[in-house]
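Student: I have a model open and would like to talk through how its parts pack. Could you put it up?
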Amino acid sequence: MTTTGKSRRKHGGQAVKIVVTGPFSAGKTTLIRTISEITVLSTEKDISDHTRSRKAETTVAMDFGRITIDRDLVLYLFGTPGQDRFDFMWEILGEGMLGYILLVDSSREDSLEEAVGILAAFRKMARVPFVVALNRAAGIEPSDEDRVRSLLELSDDVPVVPCDATDRESVKSVLLALLYSVVDQIDAPAGAGV
Ligand SMILES: Nc1nc2c(ncn2[C@@H]2O[C@H](COP(=O)(O)OP(=O)(O)OP(=O)(O)O)[C@@H](O)[C@H]2O)c(=O)[nH]1
Ligand SMILES: [Mg+2]
């Protein structure tokens, strides 16, 4: 990968790096497994602390998957750990990304609160386009989106989209929202939307 997040592939298409980040247990590993056309390389380890009551395993380094959009564009998906004791991985995985998905578990208030700090770290790391995906979003009201926008201090051009990380079409639409944002940013004045 180059620092622009793009690299030439042998047959002339582009390979780009997309990062999926977000709080503990938001659904990042699930999202990548749902969409990847290759078996996802995951680094999940048993949880030994109090968060074990929520699930048995957590990502400790990364998830890695791939999706071919067409012969000219292949996305490499990198999922981050959600627990902040592994936050040193965020910067490593963020290197050279074209954009990122901030995935939040919209059924849990603390997920949104954790997302604030993660987004601050990512914004500091790279001024690249991102989308906020609200996982488990069934029943989300327009007022909930306003609350997310205000808490995360999002400008209007940052998409906030519902997501079901277990559903391929839903994950596709999240990725498309990000790709449209990337295209919009290419057309927009420097610095807009990030
Ligand atoms: N119903 C439902 N369950 C989901 C969805 N996404 C994830 N889950 C479940 O939620 C739990 C956490 O999902 P993970 O994909 O491990 O979450 P993660 O963000 O990778 O978690 P960490 O790596 O520990 O931060 C798992 O038991 C998933 O099966 C979803 O969209 N709908
Ligand atoms: Mg994970």
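Student: How do the axes of H1 and H5 cross, and within what distance do they come?
Tutor: This is a predicted model, in which local features need pLDDT of at least 70, side-chain atom pairs count only at pLDDT 80 or more, and totals for chains, interfaces and linings use all residues. Residues are numbered from 1 along each chain as its sequence is written, and chains are lettered from A and ligands numbered from 1 in the order in which they are written. The axes of H1 and H5 come within 9 Å and cross at roughly 100°, the axes being lines fitted to C-alpha atoms, for helices over the stretch in contact, with angles from 0 to 180 degrees between N-to-C directions. H1 and H5 are therefore roughly perpendicular, a label for 65 to 115 degrees.
Student: Which residues of H1 and H5 meet there?
Tutor: From H1, Leu31, Thr34 and Ile35 meet Arg168, Val171 and Lys172 of H5, where contact is C-beta atoms, placed from the backbone, within 7 Å.
Student: Switching to ligand 1, which residues come nearest?
Tutor: Gly27, Thr29, Thr58, Thr59 and Gly82 come nearest among the 18 residues around ligand 1, each counted if its C-beta atom, placed from the backbone, lies within 6 Å.
Student: And which element gives the most to that shell around ligand 1?
Tutor: H1 does, with 3 residues, and both helix H1 (28–35) and strand E4 (57–70) supply at least two; helices (H or I, at least four residues) and strands (E, at least two) are DSSP runs, numbered from the N terminus.
Student: What does isoleucine 18 touch, beyond four places in sequence?
Tutor: Isoleucine 18 is in contact with residues including Leu75, Leu77, Tyr100 and Leu178.

Key:
Two residues are in contact if their C-beta atoms, placed from the backbone, lie within 7 Å. Angles under 35 degrees count as roughly parallel, over 145 as roughly antiparallel, 65 to 115 as roughly perpendicular and the rest as oblique.
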